[in-house]
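Please look at the display before I continue.

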Protein chains: 2
Amino acid sequence: MALAHAILTILTDTPSSGYDIGKRFEEQVSCFWKASSQQIYRELTKMEQQGWLQHEVIAQTGKPDKKLYSLTAAGRQEWQRWYTAPTEPTPIREDLLVKVLAGAHVAPEQVRQAVLLRRHRHAQQLQLYRRTEAEEFPPNAMTRSQQFSYLTLRRGLRYEQDWLAWCDEVLTFLDEQAAADSPSALPDTSALPLQ
Amino acid sequence: MALAHAILTILTDTPSSGYDIGKRFEEQVSCFWKASSQQIYRELTKMEQQGWLQHEVIAQTGKPDKKLYSLTAAGRQEWQRWYTAPTEPTPIREDLLVKVLAGAHVAPEQVRQAVLLRRHRHAQQLQLYRRTEAEEFPPNAMTRSQQFSYLTLRRGLRYEQDWLAWCDEVLTFLDEQAAADSPSALPDTSALPLQ
DNA sequence: TTGACATATTCAACAAGTTGAGTATAGACT
DNA sequence: AGTCTATACTCAACTTGTTGAATATGTCAA
């Protein structure tokens with residue numbers, strides 16, 4: 001039911017077509033939700049069958065017709081119900097952590113490579129968020145709606161920073177291990193790699 | 001294919017039954033992967049069909065028979081291939097962020113409630129991880145395998161701490177808004193809620 | 001002795017997410 | 001003239017994840 005509620009939330013803001021919703025997902029919401037257009041269209045059909053939405057067909061010149069969806073009273077009510085119900089955290093499924101967990105069974109270089117690759121991805125994503133922050137959220141001139149939007153971007157920023165910091169922890173650990181194992185290492189830095 | 005590789009990883013360590021794997025998922029891996037036993041059994045069957053695993057039936061006294069799965073050469077090879085292939089970050093789907101995004105459309109108290117509920121959950125999870133840390137990872141006496149395991153716990157600890165910090169950011173923002181809106185507020189603390 | 005709990009696995013149905021193709025119009029670029 | 005992109009939607013097949021029930025044995029405690 002989760003995607004349905006994300007869609008309801010967008011339609012709370014303004015009536016939209018499936019295509020519009022898809023774009024808003026990509027632009028605004030991609031930091032914490034991803035949905036393919038196929039998924040969105042399918043969900044919209046289901047939600048209309050449930051009576052949460054209605055649509056009217058809008059003829060456009062130069063573009064294909066579109067179905068403009070808007071909330072029904074039942075939809076608005078369902079949205080309110082959802083809003084006050086507790087939200088569960090996303091189940092996390094992280095390949096990289098599985099790899100690190102098994103780190104003792106592979107060459108240290110393999111662990112390092114895996115972590116480095118992911119570190120790079122998070123660094124890029126962080127940069128992207130930083131750009132968005134600079135471009136779309138002027139420190140002293142945000143509307144109320146923008147302020148909330150900014151709070152969600154803050155989550156994205158934190159998330160990426162936290163990943164980077166953890167990757168660095170792992171890399172530091174690997175460095176210390178390597179130093180301790182190599183004959184030319186300083187002898188007294190091997191213990192207590194993390195605390 | 002992701003669950004399959006998590007299972008391969010566990011079997012790299014030691015041959016196990018579906019039930020054993022389920023328990024290790026719950027105990028060790030639950031911080032970053034969740035799988036129901038049904039899912040695991042289904043996946044094991046599929047993996048055996050692909051030739052990654054083989055099993056032998058072990059008769060036990062006082063307990064039902066079990067199927068002890070172990071890696072084949074092909075399975076080990078596939079695991080190696082996966083290990084060196086880049087890992088994508090999990091797609092995140094966070095209801096709570098959708099709620100905060102729409103914060104301007106509901107009463108501030110509703111946002112606060114939603115955030116407080118989640119904050120509580122993360123605080124509890126953090127405490128749980130802290131206990132695990134204290135009980136299972138003695139600072140100076142970890143095996144190599146434990147050290148890697150500890151690194152994954154570190155990810156969990158960080159993750160929960162980061163959530164708490166963000167929740168507090170949102171709550172602070174809401175407090176400042178409330179103070180700015182109420183007549184008895186200090187007049188000059190309203191601007192620049194975050195930076 | 002009855003019921004809860006741990007061990008150990010299977011089947012069925014469904015919901016959610018992914019992949020890929022297909023249909024259409026229209027403007028812009030080459 | 002042909003291709004690319006943007007708009008706008010649909011259908012089908014598949015994989016993955018969730019929920020609930022069913023089966024079977026043995027131990028431990030109320």
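I begin with Arg118(B), which lies over the face of Trp163(B), at 4.7 Å from the ring centre. A charge is counted as sitting over a ring if NZ of Lys or CZ of Arg is within 6 Å of the ring centre and within 35 degrees of the ring normal. Trp163(B) also has the charged end of Arg155(A) over its ring, 4.1 Å from the centre.

A word on the source: this is a predicted model, in which local features need pLDDT of at least 70 and side-chain atom pairs count only at pLDDT 80 or more, while totals for chains, interfaces and linings use all residues. Residues are numbered from 1 along each chain as its sequence is written, chains are lettered from A and ligands numbered from 1 in the order in which they are written, and side-chain values use heavy atoms, with hydrogens and water left out.

Let me turn to salt bridges, defined as a side-chain nitrogen of Lys or Arg within 4 Å of a carboxyl oxygen of Asp or Glu. Over all chains, the structure holds 25 of them. In one, Glu169(B) meets Arg154(A), at 2.6 Å from N to O. This pair crosses between chains, from helix H7 (residues 144–181) of chain B to helix H7 (residues 144–181) of chain A; helices are DSSP runs of H or I with at least four residues, numbered from the N terminus.

Are these two partners buried or exposed? Glu169(B) is buried, with a relative accessible area of 11%, and Arg154(A) is buried at 17%. Buried means under 20% relative accessible area, exposed over 50%, and partly exposed in between, using a 1.4 Å probe and protein chains only.

A second salt bridge joins Glu109(B) and Arg112(B), whose closest N and O atoms are 3.0 Å apart. These residues are separated by about one helical turn, because they are three residues apart in helix H6 (residues 108–136) of chain B.

Finally, the aromatic rings. Rings of Phe, Tyr and Trp (its six-membered ring) pair if their centres lie within 6.5 Å; planes under 30 degrees apart count as stacked, over 60 as edge-to-face and the rest as tilted. The count comes to ten aromatic pairs over all chains. The rings of Phe137(A) and Tyr150(A) have centres 5.3 Å apart and planes at 45 degrees, so this pair is tilted. Both Phe137(A) and Tyr150(A) are buried. Trp163(A) and Trp166(A) form an edge-to-face pair, with 5.6 Å between centres and 85 degrees between planes.

Conventions: Helices (H or I, at least four residues) and strands (E, at least two) are DSSP runs, numbered from the N terminus.
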